[in-house]
Amino acid sequence: STAAAAAVSTRPSSVQTSNIIPVGKRSLTSLYAGVTGPLLTVGLIQSINFAVYDSVRRVLYERQLRRENDRGVLVNCLPDDYLHYDDLQNVAVASFISGGATSFLTSPVTMVKTKQQIMQWSFRKAIQ
């Protein structure tokens, strides 16, 4: 029983194990591995996302107006009315379409980021 007590007392506690530094090339820079690709493309991707969303929402609102005009509802339209008067269904469809387009465009960037993080590669090596 004394040997068991000695074995239990030498086992590191959870506080002690959290302070252990992994062996290898891990450092502060490994925390930011894989950030180069997303930093270079985030502005472009966000602008494409918002442009697709706004364009689809505008087109859907114009279709909504045509349907209302066909039913005999007289509609006066200002250029930014789609921002205030379109159906929630138009907003949802525009969101789904822009999200799909964005995920299609960000997949290669995600692959590069993952290669950089897992393999500790530079941005140049990850895009090859």
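Partly exposed is the class between buried, under 20% relative accessible area, and exposed, over 50%. That covers R58, which counts as partly exposed because its relative accessibility is 36%. The views below come from a predicted model.

View 1. The protein has seven helices and zero strands. Reading from the N terminus, the order is simply α-α-α-α-α-α-α. Of its 128 residues, 20% count as buried. The protein exposes about 9,900 Å², and carbon and sulfur atoms supply 63% of that area. As for contacts, take the pairs of residues at least 6 apart in sequence: 72% of those contacts join residues at least 24 apart.

View 2. The structure holds two salt bridges, and here is one of them: R58 pairs with D54, with the closest N and O atoms 3.0 Å apart. Both residues sit in helix 4, four residues apart, or about one turn of the helix. How accessible is D54? D54 has a relative accessible area of 25%, so it is partly exposed. R58 falls in that class too, at 36% relative accessibility.

**View 3. A salt bridge across the chain, D86 with R57.** Here the side chains of D86 and R57 meet at 2.7 Å, N to O. The pair links distant parts of the chain, 29 residues apart: R57 belongs to helix 4, while D86 is in the loop between helix 5 (82–85) and helix 6 (88–119). Are these two buried or exposed? D86 is buried, since its relative accessible area is 13%. R57 counts as buried as well, because its relative accessibility is 11%.

**View 4. N49, a buried asparagine in helix 4.** N49 is part of helix 4. With a relative accessible area of 16%, N49 is buried, because the cut-off for that label is under 20%. Which residues does N49 touch, once those up to four places away in sequence are set aside? The list is S98, G99 and T102.

**View 5. N90, a buried asparagine in helix 6.** Zoom in on helix 6 and you find N90. N90 has a relative accessible area of 7%, so it is buried. Leaving out neighbours within four places in sequence, N90 is in contact with L60, Y61 and Q64.

View 6. R67 is partly exposed, because its relative accessible area is 42%.

**View 7. A nonpolar patch on the surface.** The members are L28, L31, Y32, V35 and L39, and together they have about 580 Å² of accessible area. One of them, L31, is found in helix 3, residues 28–31. Why does L31 count as exposed? Its relative accessibility is 65%, and the exposed label applies over 50%.

Conventions
Residues are numbered from 1 along each chain as its sequence is written. This is a predicted model: local features need pLDDT of at least 70, side-chain atom pairs count only at pLDDT 80 or more; totals for chains, interfaces and linings use all residues. Side-chain values use heavy atoms; hydrogens and water are left out. Buried means under 20% relative accessible area, exposed over 50%, partly exposed in between (1.4 Å probe, protein chains only). Helices (H or I, at least four residues) and strands (E, at least two) are DSSP runs, numbered from the N terminus. Contact means heavy atoms within 4.5 Å. Accessible areas come from the Shrake-Rupley method with a 1.4 Å probe; for residues, only the protein chains shown count as cover. Patches are made of residues with over 30% relative accessible area and no salt bridge: like charges are joined within 9 Å, nonpolar side chains (Val, Leu, Ile, Met, Phe, Trp, Tyr) within 5 Å. A salt bridge is a side-chain nitrogen of Lys or Arg within 4 Å of a carboxyl oxygen of Asp or Glu.
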